[in-house]
Amino acid sequence: MAAVAVVEAVSGTDPVAEGLLELIKPPIHQLDLHVHSVRESQVELREHIDNLATELFRINEHQKIALDLDPYVKKLLNARRRVVLVNNILQNAQERLRRLNHNVAKETARRKTMLEASGVFTPRSPSKP
């Protein structure tokens, strides 16, 4: 929440704030895309771990020679638990990024409207100095 306060304090000032906001937005968006990609990979990994654990149980049941696969199955299940934990952490981080991005855009639009209404800020085209 401290980042939101900093962005709010900066976004109320003239074109410098707009420039800073435009500088901050792309990395936040890129980070959000990477988090989403990692979450998808985590879900896929969790599914593979589940399938492998099921297959190991099935193999263990059909073996004539008693193989003790339980420690390996436990390791797989432990790995799956950690993957789920990391996925939850990533999901929470992505949600916070989404809210931060939304709040920044909302506050920027509000302040820009307020400045334009007061006549302090007039929009310029990027080609004009």
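**Figure 1. Arginine 98 and glutamate 95 are joined by a salt bridge.** In this predicted model, the side chains of arginine 98 and glutamate 95 meet with a distance of 2.5 Å from N to O. Both residues belong to helix H3, where they stand three residues apart, and about one helical turn therefore separates them. Arginine 98 is partly exposed, its relative accessible area being 46%. Glutamate 95 also counts as partly exposed, with a relative accessibility of 31%.

**Figure 2. A salt bridge connects arginine 110 with glutamate 107.** The closest N and O atoms of this pair lie 2.5 Å apart. Arginine 110 and glutamate 107 are three residues apart in helix H3, which means that about one helical turn lies between them.

**Figure 3. Aspartate 50 and arginine 80 form a salt bridge between two helices.** The two side chains meet at 2.4 Å, N to O. Which helices does the pair link? Aspartate 50 lies in helix H2, residues 15-62, and arginine 80 lies in helix H3, residues 70-118. The partners are 30 residues apart, and the pair thus links distant parts of the chain. Aspartate 50 is partly exposed, with a relative accessible area of 26%. Arginine 80 is likewise partly exposed, at 27%.

**Figure 4. The chain as a whole gives the setting for the close-up views.** How many helices and strands does the chain have? The chain contains three helices and zero strands, and its elements follow the order α-α-α from the N terminus. The count of salt bridges comes to five, among them the bridge between aspartate 50 and arginine 80. Among contacts with a separation of 6 or more, 75% are between residues 24 or more positions apart. The chain exposes about 9500 Å², of which carbon and sulfur atoms supply 61%.

Definitions and conventions: Residues are numbered from 1 along each chain as its sequence is written. This is a predicted model: local features need pLDDT of at least 70, side-chain atom pairs count only at pLDDT 80 or more; totals for chains, interfaces and linings use all residues. Side-chain values use heavy atoms; hydrogens and water are left out. A salt bridge is a side-chain nitrogen of Lys or Arg within 4 Å of a carboxyl oxygen of Asp or Glu. Helices (H or I, at least four residues) and strands (E, at least two) are DSSP runs, numbered from the N terminus. Buried means under 20% relative accessible area, exposed over 50%, partly exposed in between (1.4 Å probe, protein chains only). Contact means heavy atoms within 4.5 Å. Accessible areas come from the Shrake-Rupley method with a 1.4 Å probe; for residues, only the protein chains shown count as cover.
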